[in-house]
Amino acid sequence: MEKKFGGNLVVMENNAEKLWNSILKIVSQLINEVDYNSWLKNVTPKKFEDNKLIISVENIYQKNKILNYIDKLEEALNTIMYDNEHVSTIDIEVVEKDNLKNTEKFDIPEKNHDYEYGKNYYEEKKTRSISLFNGISNNLNKKHIFENFVVGKSNELAHAAAEFVSNKPENNAEKSKYNPLFINGDVGLGKTHLMHAIGNRFLEIDDNKKIFYCSSEQFTNDLINSINKGKMMEFRAKYRKLDLLLIDDIQFLAGKDSTQEEFFHTFNELHQDGKQIVISSDRPPKDISNVEKRLISRFEWGLTVDIQQPDYETRVAILRKKAEIDKIKVSENVLRYIAETINSNIRELEGALNQIIARASLLRKEVTIDLVQEVFLDEKKSKSRHINEEKILEKVAEHYNATLDEIKSKSRKKEIAVPRQVAMYFIRTMLDKPFKEIGNLFSGRDHSTVMHSVDKIEKDIKLDKNFEKDINLIKDEIMTN
């Protein structure tokens, strides 16, 4: 059986593996790296037929994990296929491990609270820096090193601080000024890359160093599992005996009192022992809400650096570096066109290049500006299929901890009025709905009220950097989840 891609190229079914790899290149830019390596990277693509890609996994647990990302996977598939007649889907089948081909086998213990880390060790030993303590991988990605990090005006201070911390691993008075190193910036600007680079440089200098990278969510889940299984001693030994702790997205500790308490003591013990702590967030310490003041104070003990959105020249340099690393030939004109079109963050920039290369490879075409324009247009259409009023309202309500009924109501309370105005702003700017139609969604409000709300949000975005970050965060949730 044959399948047409975009009406130009006939591709045989046995290209399922190539298609799946193209999907992974896109999705790897959108989800947590630990989850990507744990659940998606070892999947076996089986075949592509009847507009359906069939993939196989080792067990029902892995299938259920992958289902959390099925929307992103199918959106990537449709972006690559851009077949306007059908919507391509992905089916997941569970097969016995012995029947899987070209898949490394791993015996999953029935009871092992360190399963996630153990699995990473066995499956990612070729792509990750491995340093074991208590049998646990450090979670570092070998690809994220200083040599691959493009430095520009937007990130030069953060890069310099990260290199200083990495190259001075021993205790000294100067180092204490950089402990903790707190890196803040919007999503997709390179914070995680710098954190991995610090860890990898530590290991270059001394591969016996005990290093661990995790997100604050992973720290929380690890704590919960340890409490449930009565293994708090193991938990504390794991986190408090490190030479370097790298913890990402610390803002998600907000409202988690028990986790904050445990992290407070972990921080204190590491800091007192002169061990390096590196923390990242989407905002500076003083702007993180619902986190204890004593923790905020400790975040400010060392050096706080921020990363801004890259300027045009830096965006071009980033694309050039990525093409060089991936050994892809792309003309300077194309790189400059992409950099001019996408000015949000590095993740979107690199994700766009991945999609363009995937399309060119499948269509066996050269990467031209015409092809790039096709990809951007199809991506816009693909995303618009997944965005509607209900999704916008849901994500806005979730962000502001409000209910849909409250946002749609006639309440004038500030805690309800603001999310309502934000929802109106997104429905107008993302869906281009008429003002009157938007007003009808919110208890029949007049079109002039909607116009005022949209104008107000646009002005507030320009005047308040923190509000702008919140708006970008909500938009990212709407676009990617």
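Colleague: Is Thr220 buried or exposed?

Modeller: Happy to start there, keeping in mind that this is a predicted model. Thr220 lies in helix 9. Its relative accessibility is 7%, and buried means under 20%. Thr220 therefore counts as buried.

Colleague: Thanks! Leaving aside its neighbours within four places in sequence, which residues is Thr220 in contact with?

Modeller: With neighbours within four places in sequence set aside, the list has these names: Leu253, Lys256 and Thr259. Thr259 also belongs to helix 11's part of the contact with helix 9.

Colleague: How are helix 9 and helix 11 oriented where they pack?

Modeller: Helix 9 covers residues 216-228 and helix 11 covers residues 257-272, and their axes lie 10 Å apart. The angle between them is about 100 degrees, and 65 to 115 degrees counts as roughly perpendicular. That makes helix 9, relative to helix 11, roughly perpendicular.

Colleague: Which residues of helix 11 make that contact?

Modeller: From helix 9 come Phe219, Thr220 and Leu223. Counting both helices, the residues of the contact divide into 3 nonpolar, 4 polar and 1 charged. Helix 11 supplies Ser258, Thr259, Glu262, Phe263 and Thr266.

Colleague: Now helix 6 and helix 8: what is their relative orientation?

Modeller: Helix 6 (residues 156-167) and helix 8 (residues 191-205) have axes 8 Å apart, at an angle of about 25 degrees. Angles under 35 degrees count as roughly parallel. The two helices, helix 6 and helix 8, are therefore roughly parallel.

Colleague: How many nonpolar residues does the contact of helix 6 with helix 8 have?

Modeller: Helix 6 passes helix 8 in a right-handed crossing. Among the contact residues are Ala162 and Val165 of helix 6, and Leu194 and Ile198 of helix 8. By class there are 3 polar and 2 charged residues, and the nonpolar ones number 7.

Colleague: On to the sheet: which strands stand at its edges?

Modeller: This open sheet of 3 strands has mixed pairing and the order 3-4-5. Two of the strands each have a single partner strand, so one side of each is left without a neighbour in the sheet. They are strand 3 (44-49) and strand 5 (89-94).

Colleague: In strand 4, what is the bridge partner of Lys47?

Modeller: Strand 4 spans residues 52-57 and pairs with strand 3 in the antiparallel sense, over 5 bridges. Within strand 4, the bridge partner of Lys47 is Ile54.

Colleague: Which helix packs on this sheet?

Modeller: The helix in question touches strand 3, strand 4 and strand 5. Its direction makes about 110 degrees with that of strand 3. It spans residues 16-27 and is helix 1.

Note on methods: Residues numbered from 1 in each chain as written. Predicted model: local features only at pLDDT ≥ 70, side-chain atom pairs only at ≥ 80, totals over all residues. Heavy atoms only, no water. Axes fitted to C-alpha atoms, helices over the stretch in contact; angles between N-to-C directions. Helix = DSSP H or I, 4+ residues; strand = E, 2+ residues; numbered from the N terminus. Parallel < 35°, antiparallel > 145°, perpendicular 65-115°, else oblique. Contact = heavy atoms within 4.5 Å. Nonpolar A, V, L, I, M, F, W, Y, C, P; charged D, E, K, R; others polar. Pairing = 2+ DSSP bridges. Left-handed = near helix turned anticlockwise from the far one by under 90°. Buried < 20%, exposed > 50% of the residue type's maximum accessible area, 1.4 Å probe, protein only.
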